[in-house]
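Thanks for coming. I have a few local features to go through, and I will keep to the numbers.

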Amino acid sequence: MSVPLLKIGVVLSTMAMITNWMSQTLPSLVGLNTTNLLVASGGKADRSTGVLPANPEESWQVYSSAQDTEGRCVCTVVAPQQTMCSRDARTKQLRQLLEKVQNMTQSIQVLDQRTQRDLQYVERMEVQLKGLETKFKQVEENHKQNIARQYKAIKAKMEELRPLIPVLEEYKADAKLVLQFKEEIQNLTSVLNELQEEIGAYDYEELQNRVSNLEERLRACMQKLACGKLTGISDPITIKTSGSRFGSWMTDPLAPEDDTRVWYMDGYHNNRFVREYMSIYDFMNSDNFTSHRLPHPWSGTGQVVYNGSIYFNKFQSHTIIKFDFKTSVISKSRQLDYAGYNNMYHYSWGGHSDIDLMVDEGGLWAVYATNQNAGNIVISKLNPSTLQIIKSWTTNHPKRSAGEAFMICGTLYVTNGYSGGTKVYYAFSTNSSTYEYIDIPFQNKYSHISMLDYNPKDRALYAWNNGHQVLYNVTLFHVIRSEQEQ
């Protein structure tokens, strides 16, 4: 029991004892006796408890004493006549007792006020304790919920990392292969050093063959290093803000190292002017450009510049055109048989995006849909010179459900949308003719992507995002395999 509650109990007990003492002792102290008064009323006797003096005119009459509803002592007293001598001894005693009673009453009132304050304090403390108890329960429940969420997050992360375990094992073997190359180069270097000292000690042709063989193997190894599986996409880097909501921009992946020209195409139809900026710096900081007029307007935003030529889909047709910038003439055109066009099988954002041309480490690709494949995506490898289809793959992914798509190392990656929250969630490998569902976050900074293409030279994704030209760096996981494993 708390201290305030103990105080309340003590005060109430004291008040009861004082009240009992006053009711029993006060009459005898003033010379009064308790008698039973019989009052005749209607021939019957009524019995009531009272205190009568021997001579009612000479002294006080105390009928009763009790407690009121607030716990205070109440005495019923009848004063004597005013003619009584004020110097009577019993009168003095009574006055003294009355003074004591008044003092005691005041003390009791003070105690009562303190008791009321303590009671209010206890009630407030009770409310606070109940509030604390509720908060503790909430904290306990939130703690359990946080633990459950953390557990789910850790479990999900483990599920993501588990497929990487066998890949890491392969990576160890690949590291051994690279170490083997390093040892062979060191051995060959030492042989060449010795050969400088002793000309003729080795057969020159045999040594040349060894160098050529090693060079081919290293070139093949570097080619394998260029490709890998997409595992991450960086935050966007905004290069420029220009143009309308839809468009495309790109660089030539086969251009020489000193050729950093940027090609810019605003809109997705009824336009045939291509801007050429001399460098990425000019593109970012000036409006100095050369304008090229195409012989036909383009359709969609799936154009690519590849080895000095632009490849685009002719508006309202399934014709692919190769236009040479140097000669300003059409060097080749060909129809893409059965491919949907004119907004038949577009990406989910629309914009006549039926045929999407792409470039990766393996060359030129066309991504589209056909009635024969029920509107699902078809991937075709094209010959850059003749535009003939080398090989095609059919997928089970509806073209209209795709936000955008791009090719990396022979694998088509598809986003789940073009606005709001976006991620890469579907991948089809032309190397194995298999598909899988993945989950690679992708920040859609300006909320509307109408173009997304991969450049193998820059290892970056070029995007047109609601009038902003944006770059994304990509992370590829490389696996090197020896010739015996292939």
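Leu387 sits in the loop between strand S17 (376–382) and strand S18 (389–398). Helices and strands here are DSSP runs, H or I of at least four residues for helices and E of at least two for strands, numbered from the N terminus. This is a predicted model, so local features need pLDDT of at least 70 and side-chain atom pairs count only at pLDDT 80 or more, while totals for chains, interfaces and linings use all residues. Residues are numbered from 1 along each chain as its sequence is written, and side-chain values use heavy atoms, with hydrogens and water left out.

Leu387 is not a glycine, yet its phi is positive, at about 65 degrees. Is Leu387 buried or exposed? Its relative accessible area is 4%, so Leu387 is buried. The cut-offs are under 20% relative accessible area for buried, over 50% for exposed, and partly exposed in between, with a 1.4 Å probe and protein chains only.

Tyr338 also has a positive phi without being a glycine, about 70 degrees. Tyr338 is in the loop between strand S14 (329–335) and strand S15 (356–360). Its relative accessibility is 59%, and therefore Tyr338 counts as exposed.

Next, the disulfide. A disulfide is taken as a pair of cysteine sulfur atoms within 2.5 Å. The structure holds one: Cys227 is joined to Cys409, with an S to S distance of 2.3 Å. The angle about the S-S bond is -105 degrees, and the link of Cys227 and Cys409 is left-handed. Which parts does the pair tie together? Cys227 lies in the loop between helix H4 (204–226) and strand S5 (229–233), and Cys409 in the loop between strand S19 (405–408) and strand S20 (411–415), so the tied parts are 182 residues apart in sequence. Cys227 counts as partly exposed, at 22% relative accessibility, and Cys409 counts as buried, at 11%.

Last, a sheet. Strands of a sheet pair through backbone hydrogen bonds, either parallel or antiparallel. Pairing here requires that DSSP finds at least two bridges between two strands. How many bridges join S9 to S10? There are four, with S9 covering residues 273–277 and the two strands running antiparallel. Arg275 stands opposite Ser291 in S10.
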